[in-house]
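Here is a short report for a first look at a protein model. Keep the sequence and the 3D view side by side as you read.

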Amino acid sequence: MNSDVLVVGSANADLVVAVDRRPGGGETVLAGDTVLSPGGKGANTAVAAGRLGADVALLGAVGDDPYGRLLLDSLRAAGVDTGLVRTSERPTGIAYITVTPDGENSILVSPGANSSLEPADVDAVFDGVEIMVVSLEVPLPTVEHAVARAAEKGVRVLLNLSPAAKLSPETLARLDVLLVNEHEAAWLTGPGADFRKLLDLGPRAAVVTLGAAGAVVVEAGSVSRVESPKVEAVDTTGAGDAFAGALAASLADGADLVSAAKRAVRVAAFSVTRHGAQPSYPTAADLGE
């Protein structure tokens, strides 16, 4: 393992369908054609970083099925090292996604093989790693063990608290960067709370994504607002993962947190102008870099 960025997380097949509106309880609504694309928070993050030129590997699990092969092909095409992606006896995870005309999505995830990722799987993977990114579509004991091991090895830890889940105070205190959206921030500190209160939970820094409004970077003694470019959104699926991957890629390249967030906001904004998660992610050339 010699990648600068290690992503520990999920790999899912995304089954995406366009709807005029989401059904209520007991209601049937006709929708558009189903579109299959590679996704999952871990795989998305790795692909986003890889497309920007980062040296990145994914630690995860897929099933021995067509969905798993689709994911491995997408990862490799983005330059992601897949040597740590295990093949599980369980089926590849699937995300069922509805997208409304305004580009907003609702997602139901069936974890499948992602649930087979165990704490022991992360014990010997940190050689050469500068930053680890972890999200919460894999078992929480594996997440907390990965954070502890990375901290022991002197690896910077970026945790994307999505989907929101309760982590131990010890885990939060080991984080270099806690990445949340505004809803997850409110879940942690209460509605309307000052984002600086996120640091009271233990992380050395926090980044709060605000969708079209950009992001806020919270560090000891400073709060910085990062504006987003104005774009016309067609599909917000995977935008937060695009942000996470770009943030990690920039930090591994030596950027400070505010500069990394500025690039991440541009990457996320670009991604929502295209359909799908991984297929929407830009290269450095797409950004004019």
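D64 counts as exposed, because its relative accessibility is 62%. Here, exposed means over 50% relative accessible area, buried means under 20%, and partly exposed lies in between (1.4 Å probe, protein chains only). D64 forms a salt bridge with R69, and their closest N and O atoms are 3.4 Å apart. A salt bridge is a side-chain nitrogen of Lys or Arg within 4 Å of a carboxyl oxygen of Asp or Glu. R69 is partly exposed, at 44% relative accessibility.

## How to read the model

This is a predicted model: local features need pLDDT of at least 70, side-chain atom pairs count only at pLDDT 80 or more, and totals for chains, interfaces and linings use all residues. Residues are numbered from 1 along each chain as its sequence is written, and side-chain values use heavy atoms, with hydrogens and water left out.

D194 is partly exposed, with a relative accessible area of 32%. R196 is exposed, at 51%.

Which side chain meets R263 in a salt bridge? The partner is E289, at 2.7 Å from N to O. R263 lies in helix 7 (residues 257-271) and E289 in the segment after helix 7, so the pair ties together parts that are 26 residues apart in sequence. Helices are DSSP runs of H or I with at least four residues, strands are runs of E with at least two, and both are numbered from the N terminus. R263 is buried, at 17% relative accessibility. E289 is partly exposed, at 47%. Elsewhere, salt bridges link D123, R149 and E152 in a network.

## A hairpin

Strand 12 (residues 215-219) pairs with strand 13 (residues 222-226) in the antiparallel sense, over 5 bridges. Two strands pair if DSSP finds at least two bridges between them. V218 has V223 in strand 13 as its bridge partner. The hairpin has 2 residues between the strands, and G221 takes a positive phi near 85° there.

## The annotated domain

UniProt places the feature "domain: Carbohydrate kinase PfkB" (unreviewed entry) at residues 4-283. UniProt positions use the numbering given here, feature names are shortened, and annotations may be inferred rather than shown by experiment. The span is 28% helix and 27% strand, and its end C-alpha atoms lie 18 Å apart.
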